[in-house]
Amino acid sequence: MAVEQANRMPVLYLSHGAPPLADDPLWPGQLAAWSAGLPKPTAVLMISAHWEDAPVALGATETIPLVYDFWGFPQHYYNVRYPAPGAPELAGKVRKLLRGPGIPVQDAPDRGLDHGAYVPLVEMYPDADVPVLQMSLPTLDPRALMALGRKLAPLRDDGVLIIGSGFFTHNLRALSDDGSVHPVMADFDAWGREALATADVDALLDFAHKAPAAQLAHPRTEHFAPLFVALGAGETDLATQRPVIDGFWRGLAKRSIQLG
């Protein structure tokens, strides 16, 4: 058992940013330094805010074009390529862990990595040499997502890096060109920092009622939802989870954490 624990991969929740993240003077380096301090994963299982589909769907298991799921950006953002290897073996393991009576898992072989997946991975694993599998969010219910994460936890002992990719606050009306931060974003981030630091899972699960101005920080909750998959997969390490990236990007909280 001690050997398994020693080799167990951590679990991440990260704020992924929009495509212009690549031009930020600070954030790409933070992501690169983070991945450099991690063991090299055998594969990445990515759960992005930008793919909601039920029942659980598994994306392409071979290298196919990216999904440029954004509009109105300069052309060079659509020229980005990230030809990471597919992860068919990981897909098979995920199916075995999740499938059960009345719990189907569907395949979406034509679904490439969306920007919630590849934007951070370009910075973390720029050589695109780690196999990547993307999995859909089948619900936005925090408790159901945490239960889903628990089922995925054994993958950590196989060297799989489980990443929930969202944004710690996500209200596009709060975006600022000058870097100013709306008090609602700051208050929600401070509340979340404290809830995570004290491992107050009950408060996090009920964030819609417990967090200050939760509906303004997250008019829809898909960018907070991947956190709960990460909390489930990293549940045994809740007491030692730690913030890795904090602060704000164009007014939105980019808080990102590591469990394990």
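The buried residues of α3 pack against β2 (43-52), β3 (57-58), β5 (132-137), α5 (142-152) and β6 (160-166), where contact means heavy atoms within 4.5 Å, and buried means under 20% relative accessible area, exposed over 50% and partly exposed in between (1.4 Å probe, protein chains only). Helices (H or I, at least four residues) and strands (E, at least two) are DSSP runs, numbered from the N terminus.

The model is predicted, with local features needing pLDDT of at least 70 and side-chain atom pairs counting only at pLDDT 80 or more, while totals for chains, interfaces and linings use all residues. Residues are numbered from 1 along each chain as its sequence is written, and side-chain values use heavy atoms, leaving out hydrogens and water.

In α3, which spans residues 88-98, the buried residues are Leu 90, Ala 91, Val 94 and Leu 98. Seen down the axis of α3, they fall within an arc of 100 degrees, so they line one face of the helix, the arc being that of the directions from the helix axis to the C-beta atoms. The face turned away from this buried side carries the exposed residues Glu 89 and Lys 96.

| α3 | Val 94, Leu 97, Leu 98 |
| α5 | Leu 148, Lys 151, Leu 152 |

Elsewhere, His 209 is found in helix α8 (residues 207-210), and His 209 counts as exposed at 67% relative accessibility.
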